[in-house]
Amino acid sequence: MNVMRSVGTLTRADLAETINHKMGFSRAESLDMVESILAKMCDAMSDGENVKISGFGSFVLRDKKERIGRNPKTGVEVPITPRRVMTFRASQKLKERIANAS
């Protein structure tokens, strides 16, 4: 079953709609399920945990050290503060699926 969705962007509502159609949950239950999953992922990353979804990919946290950057307009060196960043690494299955979709 193909569910209509926004062109170019997959939204929370699109995910809930898919759960509603495929699993038969009500729209409210489906949206609650999506919200619960996303909240669990956010909580895990806030606690410093990486999130891995088998067959899809991994959300990986990295701590970046302080370093010296350069203002591109003026060329003046400025310190870039240490920070934690999140990156996404696609699984091999996802990479293959994307490559074969072209």
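## Aromatic cluster

Rings of Phe, Tyr and Trp are taken to pair if their centres lie within 6.5 Å. In this predicted model, Phe56, Phe59 and Phe88 form one aromatic cluster. The count of aromatic pairs by this rule is 2.

In one of these pairs, the ring centres of Phe56 and Phe88 lie 5.3 Å apart; the planes stand at 50 degrees, so the arrangement is tilted. This pair links distant parts of the chain, 32 residues apart: Phe56 belongs to the loop between strand 1 (51–53) and strand 2 (57–64), and Phe88 to strand 5 (residues 83–90). Phe56 is partly exposed, at 37% relative accessibility. For Phe88 the relative accessible area is 37%, which places this residue in the partly exposed class.

Phe59 and Phe88 also form an aromatic pair, with 4.9 Å from centre to centre and 50 degrees between the planes, and this pair is tilted. Because Phe59 lies in strand 2 and Phe88 in strand 5, the pair ties together parts that are 29 residues apart in sequence. Phe59 has a relative accessible area of 17%; the limit for a buried residue is under 20%, and Phe59 is therefore buried.

## Ser58 in strand 2

Strand 2 also holds Ser58. At 19% relative accessibility, Ser58 counts as buried. Once residues up to four places away in sequence are set aside, Ser58 touches Val51, Lys52, Thr87, Phe88 and Arg89. Phe88, one of these partners, is also a member of the aromatic cluster with Phe56 and Phe59.

## Packing of helix 1 and helix 2

Two packed helices are described by the angle between their axes and the distance between the axes. Here, the axes of helix 1 (residues 12–23) and helix 2 (residues 27–46) come within 8 Å and cross at roughly 125 degrees. Angles of 65 to 115 degrees count as roughly perpendicular and those over 145 as roughly antiparallel; helix 1 and helix 2 are therefore oblique to each other. Their crossing is right-handed.

On the side of helix 1, the contact involves Arg12, Leu15, Ala16, Glu17, Ile19 and Asn20; these meet Arg27, Ser30, Leu31, Met33, Val34, Glu35 and Leu38 of helix 2. Sorted by class, the contact of helix 1 with helix 2 has 7 nonpolar, 2 polar and 4 charged residues.

## Ser30 within the helical contact

Ser30 is located in helix 2 and is among the residues that meet helix 1. The relative accessibility of Ser30 is 0%, so this residue counts as buried. Neighbours within four places in sequence aside, Ser30 is in contact with Ala16, Ile19, Asn20 and Phe25.

Ile68 is part of strand 3 (residues 67–70). With 55% relative accessibility, Ile68 counts as exposed. Apart from residues up to four places away in sequence, Ile68 touches Glu77, Val78 and Pro79.

Ile80 lies in strand 4 (residues 77–80) and is partly exposed, with a relative accessible area of 23%. Beyond neighbours within four places in sequence, the contacts of Ile80 are with Lys65, Glu66, Arg67 and Gly69.

Val76 is found in the loop between strand 3 and strand 4. At 47% relative accessibility, Val76 counts as partly exposed. Excluding neighbours within four places in sequence, Val76 is in contact with Gly69, Arg70 and Asn71.

## Separations from helix 2

Residues of this region can also be related to positions in helix 2 (residues 27–46). The C-alpha atoms of Ile68 and Asp32 are separated by 44 Å, and these residues are 36 residues apart along the chain. Ile80 and Arg27 are 45 Å apart in space, C-alpha to C-alpha, and 53 residues apart in sequence. Between Val76 and Ala28, the C-alpha to C-alpha separation is 53 Å, and the two are 48 residues apart in sequence.

Definitions and conventions: Residues are numbered from 1 along each chain as its sequence is written. This is a predicted model: local features need pLDDT of at least 70, side-chain atom pairs count only at pLDDT 80 or more; totals for chains, interfaces and linings use all residues. Side-chain values use heavy atoms; hydrogens and water are left out. Axes are lines fitted to C-alpha atoms, for helices over the stretch in contact, and angles run from 0 to 180 degrees between N-to-C directions. Helices (H or I, at least four residues) and strands (E, at least two) are DSSP runs, numbered from the N terminus. Angles under 35 degrees count as roughly parallel, over 145 as roughly antiparallel, 65 to 115 as roughly perpendicular and the rest as oblique. A crossing is left-handed if the near helix is turned anticlockwise from the far one by less than a right angle, and right-handed if clockwise. Contact means heavy atoms within 4.5 Å. Ala, Val, Leu, Ile, Met, Phe, Trp, Tyr, Cys and Pro count as nonpolar, Asp, Glu, Lys and Arg as charged, and the others, Gly among them, as polar. Rings of Phe, Tyr and Trp (its six-membered ring) pair if their centres lie within 6.5 Å; planes under 30 degrees apart count as stacked, over 60 as edge-to-face and the rest as tilted. Buried means under 20% relative accessible area, exposed over 50%, partly exposed in between (1.4 Å probe, protein chains only).
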